[in-house]
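Have the viewer open and follow along.

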Amino acid sequence: MAQVKKQLLAVLVLSTLGGLAQAQSSVVVYGTIDAAVAKITDKTTQVAKRDANKLGFKGTEDLGSGLKALFQLEMRYEPDTGTNESNSRPLFQGQSRVGLQGDFGMVRIGRGVTAFQDAKDAFDPYHGVSGTPGLKGDIEVAGYTSQPLDPAGSSNDRFNNAIWYNSPVVNGFQFNATVATKEANNGPAVVGRGTAAAPQYPANGEASAIPMSYAVTYKQDMFAVMGAWERNAIETKVWFVGASVNPMKELKLMATYAHQNQDHTKVSNNETKAWLLGANYTMGASKVLVGYGQKKPDGAVTTKQWSLGYEYALSKRTFLYADASDKRAATSVKYYGLGVHHEF
Amino acid sequence: MAQVKKQLLAVLVLSTLGGLAQAQSSVVVYGTIDAAVAKITDKTTQVAKRDANKLGFKGTEDLGSGLKALFQLEMRYEPDTGTNESNSRPLFQGQSRVGLQGDFGMVRIGRGVTAFQDAKDAFDPYHGVSGTPGLKGDIEVAGYTSQPLDPAGSSNDRFNNAIWYNSPVVNGFQFNATVATKEANNGPAVVGRGTAAAPQYPANGEASAIPMSYAVTYKQDMFAVMGAWERNAIETKVWFVGASVNPMKELKLMATYAHQNQDHTKVSNNETKAWLLGANYTMGASKVLVGYGQKKPDGAVTTKQWSLGYEYALSKRTFLYADASDKRAATSVKYYGLGVHHEF
Amino acid sequence: MAQVKKQLLAVLVLSTLGGLAQAQSSVVVYGTIDAAVAKITDKTTQVAKRDANKLGFKGTEDLGSGLKALFQLEMRYEPDTGTNESNSRPLFQGQSRVGLQGDFGMVRIGRGVTAFQDAKDAFDPYHGVSGTPGLKGDIEVAGYTSQPLDPAGSSNDRFNNAIWYNSPVVNGFQFNATVATKEANNGPAVVGRGTAAAPQYPANGEASAIPMSYAVTYKQDMFAVMGAWERNAIETKVWFVGASVNPMKELKLMATYAHQNQDHTKVSNNETKAWLLGANYTMGASKVLVGYGQKKPDGAVTTKQWSLGYEYALSKRTFLYADASDKRAATSVKYYGLGVHHEF
């Protein structure tokens with residue numbers, strides 16, 4: 001009995017300390033390191049990555065009455081060379097946001113992935129990785145970019161100078177919005193409907209309309225669906241629908257459709273459509289990822305990509321993986337990779 | 001026996017936690033994230049900041065006999081774009097210093113804010129913030145900069161390659177000094193009394209005299225005063241006095257006077273004088289900041305600035321704020337902002 | 001009463017742990033800050049460093065069955081100016097590696113110091129510091145660099161895009177290997193046997209052979225020896241032997257010999273030989289470092305360097321030091337420094 005009580009005490013102390021330790025330094029240091037040996041068509045064998053690599057700092061502060069303050073700062077880096085992501089991106093490429101969370105939902109301000117780009121990862125059979133075998137950056141979004149006026153080398157799925165709102169989840173529904181200012185971000189000129197000498201958007205140009213992104217998600221039992229619409233700084237628009245179903249616990253089937261409209265910057269051939277089908281199958285420590293999709297720009301060649309992946313979990317935080325993919329437009333680029341993914 | 005068991009338990013719990021909590025290191029991760037939505041005269045609405053944004057790493061080590069070793073490394077960043085400060089400054093723009101503290105005071109070596117620039121923040125009604133509504137970078141220092149030979153885009157209040165000394169506080173008095181080497185810092189040329197072809201200080205030039213900064217502060221009951229003198233790498237000098245009084249607990253009144261002398265680099269009009277008056281009023285969670293000042297350069301137009309701020313504390317670490325300011329020289333620049341400030 | 005005691009115990013454990021456990025995450029934040037005031041021949045007095053300065057993040061995860069996942073990310077910086085190392089190097093200049101450790105040894109992938117360069121530090125009387133009085137970067141390696149095709153300003157002892165293997169220690173022996181891909185790293189052209197117009201290795205050129213590095217170390221009682229061989233991306237080769245002995249506990253004597261062969265890029269004078277002798281003597285808190293060595297390139301002047309250092313430990317993590325060194329080739333460069341070294 002005394003023994004039991006002492007064990008209870010130990011558990012109590014441990015769990016209390018879980019809370020204390022967190023409160024004491026309010027900062028959680030976290031991250032991902034993912035590296036692979038890969039072979040890409042016509043390139044020398046290389047050390048590549050499948051997922052983006054992160055080193056982040058985050059925390060929440062309880063303000064009472066169900067209100068919380070929260071922040072998150074996330075670096076991105078290349079493990080094969082030690083540089084920040086692409087050796088060109090911002091120090092906190094991942095995100096830099098501060099906000100409040102309460103019964104009303106969550107409001108954040110800063111830089112980060114847009115509402116649309118964030119929500120769609122749940123319908124990507126390659127769970128949102130940005131490496132070569134991944135599908136999220138091109139096929140899944142019909143070639144759309146959220147950052148046309150940001151510096152060359154920027155990623156494609158973020159807004160600077162923006163405000164985020166995420167509603168609470170009500171009956172399975174959640175509403176997510178991102179609205180940015182028209183601030184210039186020191187990016188290159190976009191010729192668009194202009195000429196090289198008089199581009200439609202000059203270098204370091206401001207947005208011609210408020211960039212905004214909206215996504216609605218719905219989840220119940222084994223079904224999930226989403227719809228999204230986004231407009232970037234040069235008024236390119238995209239709409240997107242996605243759905244997933246888990247017919248059994250081990251299997252997840254996914255489908256997405258995206259439609260990009262560039263009529264603000266292109267006279268003709270300004271529509272691009274894309275679709276993606278995928279499946280994840282989990283059995284014990286093993287997980288298989290399959291994806292196939294097409295991107296069809298008006299008046300240009302269709303891009304077709306399939307990706308096949310296998311993951312073997314060594315723990316909840318660490319897995320080994322093997323990937324193969326083939327992306328074909330005018331030519332075919334094949335990718336084979338073998339790597340390790342570790343979260344900390 | 002039960003006693004022994006309990007001690008065993010304690011040891012067990014401690015050692016279990018040893019595994020859990022690997023961060024028994026002495027490093028504290030800390031920071032600030034501050035972002036606002038702001039409107040500035042003739043500019044598009046923007047996501048701005050009021051205070052500098054920090055991510056820091058610091059620690060102290062007890063060496064016995066009242067002696068401590070200490071270090072501090074502080075990044076600065078822009079939350080609206082995720083870049084390091086101004087997208088150009090050093091990784092540890094805030095500071096990078098190591099030192100010893102004991103009965104003799106504190107000695108540190110590295111890079112950081114000078115003794116003068118550090119001490120004056122206590123007399124700034126905008127408590128030393130560097131954003132547009134702040135007063136510390138121009139009005140409070142009569143336009144003086146501590147870093148004329150540092151790379152373009154540097155801040156204005158630091159020394160590289162320097163040693164800091166802070167005395168213990170004796171009868172309310174403290175003496176603070178910063179002395180730098182004459183090392184070149186890869187900065188631009190300063191024409192000064194030379195010509196564009198033969199500038200007084202060439203690009204990547206060394207200091208012509210040891211840069212140094214001294215500040216004496218005195219604090220007793222409701223009064224505080226300070227006096228400071230500093231000379232930068234191109235022998236511009238500034239002297240400064242500041243005073244504050246708390247006639248009641250809720251109210252703090254502040255006044256400063258600064259005098260910049262540029263006779264080493266300018267033939268004429270080499271004096272600039274500035275004064276600043278301010279008040280802070282705190283009532284419960286609310287705080288009001290008011291500041292007004294003028295900077296008068298010889299033979300040039302006077303700059304006048306008023307700033308008005310309101311802060312509402314959600315906790316000791318988090319507050320919301322609203323700012324308005326107007327800075328007039330030849331033209332008027334008005335600023336209105338609404339933001340959140342979070343410390344972690 | 002027992003109840004009360006248990007609560008007391010809980011409180012005691014909690015408060016003890018408050019100090020201990022700053023983060024429940026698996027990430028250890030660690031680093032070094034080292035700064036000195038130094039005088040170098042013909043240069044103004046400066047704030048310099050003796051050792052490289054680090055801010056790192058590392059962790060291990062127990063995967064069961066003796067298997068561990070591990071990662072390490074290490075920034076390098078200049079404390080006198082706050083920039084990242086040399087104001088040009090990658091964010092994680094120190095290393096960025098992820099791997100697995102088990103009975104088989106340790107396998108890692110990413111960027112870091114090569115097997116040869118890592119092992120040789122144990123035979124360097126200046127324990128591997130990279131500052132001016134150190135011996136590891138030139139004399140100890142016969143002028144060899146591991147990174148000839150990496151960007152200008154890179155360090156000399158790392159491989160990008162590589163895999164590391166460290167065997168378990170068996171009967172005092174350990175085998176260590178690093179093998180890189182031939183990937184281009186965006187470095188400058190190497191003229192080599194070509195001409196300036198048609199360099200042997202173009203800018204951003206790939207390696208002409210797989211870069212690889214092998215080191216075998218042996219340690220028993222008071223003796224340690226090592227042998228190593230490495231080939232870089234332009235097929236410069238180096239072989240190296242080192243030995244140390246501790247005739248008494250306080251004294252360590254060291255000797256190394258290195259031989260660099262550049263016949264792949266030079267028609268003549270392609271051999272460089274170097275030797276180094278050193279001693280460390282520890283007495284209580286004091287430690288004396290002595291090193292002398294020569295580097296003899298074929299057909300060029302011999303470089304001779306001696307270095308003399310004194311360290312006074314304030315704790316296991318912090319020491320003060322004084323250094324003097326003289327490096328002579330065509331001219332003599334003398335160095336005198338006084339500094340502090342702090343680990344966290």
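Start in chain C, where ring pairs link Tyr165(C), Phe175(C), Tyr214(C) and Trp229(C) into a cluster. Rings of Phe, Tyr and Trp (its six-membered ring) pair here if their centres lie within 6.5 Å, with planes under 30 degrees apart called stacked, over 60 edge-to-face and the rest tilted. Before going on, some housekeeping: this is a predicted model, where local features need pLDDT of at least 70 and side-chain atom pairs count only at pLDDT 80 or more, while totals for chains, interfaces and linings use all residues. Residues are numbered from 1 along each chain as its sequence is written, chains are lettered from A and ligands numbered from 1 in the order in which they are written, and side-chain values use heavy atoms, leaving out hydrogens and water.

Over all chains, the count comes to 33 aromatic pairs. Take Phe173(B) and Tyr218(B), a tilted pair at 4.4 Å centre to centre with 40° between the planes. Phe173(B) belongs to strand 8 (residues 173–180) of chain B and Tyr218(B) to strand 9 (residues 212–220) of chain B, so this pair ties together parts that are 45 residues apart in sequence. Strands here are DSSP runs of E, at least two residues long, and helices are runs of H or I of at least four, numbered from the N terminus. Phe173(B) is partly exposed at 45% relative accessible area, and Tyr218(B) is partly exposed too, at 24%; buried would be under 20% and exposed over 50% (1.4 Å probe, protein chains only).

Now hop to chain A. Strand 8 (residues 173–180) of chain A pairs with strand 9 (residues 212–220) of chain A in the antiparallel sense over seven bridges; pairing takes at least two bridges found by DSSP. Look for Gln174(A) opposite Thr217(A) in strand 9 of chain A. Strand 9 of chain A also runs antiparallel to strand 10 (residues 223–231) of chain A, joined by nine bridges, and Tyr218(A) stands opposite Val225(A) there. Strands 9 and 10 of chain A form a hairpin with two residues between them, and Asp221(A) in the turn has a positive phi of about 45°.

The charged end of Arg97(A) sits over the ring of Trp164(A), 4.6 Å from its centre, which under the rule used means CZ of Arg or NZ of Lys within 6 Å of the ring centre and within 35 degrees of the ring normal. In chain C, Arg50(C) lies over the face of Tyr321(C), at 4.4 Å from the ring centre.
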